[in-house]
Amino acid sequence: CNDANSCNSTVSVCRNTIGSYNCQCNSGFTQDSQDNTVCHDDNECDGFNTCQGITSKCSNTYGSYHCECNVGYKQGTLDDKLCQDVNECNADHGCNTTFSACRNTAGSFYCPCNSGFAQDSNNNKICHDANECDGVTLCNTKVSQ
């Protein structure tokens with residue numbers, strides 16, 4: 001293992017044998033089938049990994065992988081392979097809380113309007129006074145004489 005052409009010490013460990021040596025690849029690498037001094041990076045994203053498909057995507061790195069959280073999720077505090085929902089209602093969500101509330105959903109949020117208010121057709125975070133008389137006859141239109 002003192003030979004300069006031995007194993008690549010960044011991805012494998014050299015093991016002395018009687019009259020020779022072999023290279024043992026580190027975790028995240030696979031031995032080349034033709035040359036036992038060469039280790040290839042495993043693409044952990046092609047097989048089993050612990051990234052959760054609905055909340056994150058797998059990103060292969062040299063010798064390992066990491067999970068990239070989808071929009072509306074953040075890296076877990078105890079396990080960096082898990083993504084947790086961001087409660088947008090605890091931050092500057094943009095709902096006009098005078099006329100609506102903020103409701104958190106998995107990976108997102110919405111602003112349901114209070115009674116008597118309607119969602120703006122161009123911006124779902126804005127509620128405006130609904131004209132309850134528009135197109136509907138709620139009041140008795142007969143005039144008493």
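Guide: The structure, which is a predicted model, holds eight disulfides. A disulfide is a covalent bond between the sulfur atoms of two cysteines. Three of these links are described here in turn.

One of them is formed by Cys-25 and Cys-39, whose sulfur atoms lie 2.1 Å apart. The link of Cys-25 and Cys-39 is left-handed, with -90 degrees about the S-S bond. It connects distant parts of the chain: Cys-25 belongs to strand β2 (residues 20-25) and Cys-39 to strand β4 (residues 39-41), 14 residues apart. Cys-25 has a relative accessible area of 18% and therefore counts as buried, for the limit is under 20%. Cys-39 is likewise buried, at 12%.

Another disulfide is that of Cys-51 and Cys-67, with 2.0 Å between the sulfur atoms. Its torsion about the S-S bond is -95 degrees, and the link is left-handed. Cys-51 is located in the loop between β4 and β5 (56-61), whereas Cys-67 is part of strand β6 (residues 64-69), so the pair ties together parts that are 16 residues apart in sequence. Both Cys-51 and Cys-67 are buried.

A further disulfide joins Cys-113 to Cys-127, with an S to S distance of 2.1 Å. The torsion about the S-S bond of Cys-113 and Cys-127 is about -90 degrees, so this disulfide is left-handed. The pair links distant parts of the chain, with Cys-113 in the loop between β10 (108-110) and β11 (117-119) and Cys-127 in strand β12 (residues 127-129), 14 residues apart. Cys-113 is partly exposed, with a relative accessible area of 22%, whereas Cys-127 is buried at 4%.

The strand that carries Cys-67 also takes part in a strand pairing. Strands β5 and β6 run antiparallel and are joined by six bridges. Within this pairing, Cys-58 stands opposite Cys-67 in β6. The hairpin of β5 and β6 has two residues between the strands, and Gly-63 there takes a positive phi near 85 degrees.

The loop between β5 and β6 also supplies a partner for an aromatic contact. A search of the whole structure finds two aromatic pairs. In one of them, the rings of Phe-29 and Tyr-62 have their centres 5.1 Å apart and their planes at 75 degrees, so the arrangement is edge-to-face. Phe-29 lies in strand β3 and Tyr-62 in the loop between β5 and β6, so this pair ties together parts that are 33 residues apart in sequence. The two partners contrast in accessibility: Phe-29 is buried at 11%, while Tyr-62 is exposed at 61%.

The other aromatic pair consists of Phe-99 and Phe-117, with ring centres 4.7 Å apart and planes at 35 degrees, so the pair is tilted. Phe-99 is placed in the loop between β8 and β9 (103-105) and Phe-117 in strand β11, 18 residues apart, and the pair thus links distant parts of the chain. Phe-99 is partly exposed, at 28% relative accessibility. Phe-117 is also partly exposed, at 27%.

Thr-37 is in the loop between β3 (29-31) and β4, and counts as buried at 18% relative accessibility. The side chain of Thr-37 makes a polar contact of 2.7 Å with the side chain of Asp-35. Gly-76 is in the loop between β7 (73-75) and β8 (83-85), and is buried, with a relative accessible area of 13%. Setting aside residues up to four places away in sequence, Gly-76 touches Leu-82, Cys-83 and Gln-84.

As for the fold as a whole, the protein contains zero helices and twelve strands. Of its 145 residues, 24% count as buried. The protein exposes about 10200 Å², of which carbon and sulfur atoms supply 47%. Among contacts in the protein with a separation of 6 or more, residues 24 or more positions apart account for 12%.

Conventions
Residues numbered from 1 in each chain as written. Predicted model: local features only at pLDDT ≥ 70, side-chain atom pairs only at ≥ 80, totals over all residues. Heavy atoms only, no water. Helix = DSSP H or I, 4+ residues; strand = E, 2+ residues; numbered from the N terminus. Buried < 20%, exposed > 50% of the residue type's maximum accessible area, 1.4 Å probe, protein only. Contact = heavy atoms within 4.5 Å. Areas by Shrake-Rupley, 256 points an atom, 1.4 Å probe, with all protein chains shown as cover. Disulfide = S-S within 2.5 Å. Polar contact = N/O pair within 3.5 Å; in protein donor to acceptor, adjacent residues only side chain to side chain. Pairing = 2+ DSSP bridges. Phe/Tyr/Trp six-rings, centres within 6.5 Å; stacked < 30°, edge-to-face > 60°.
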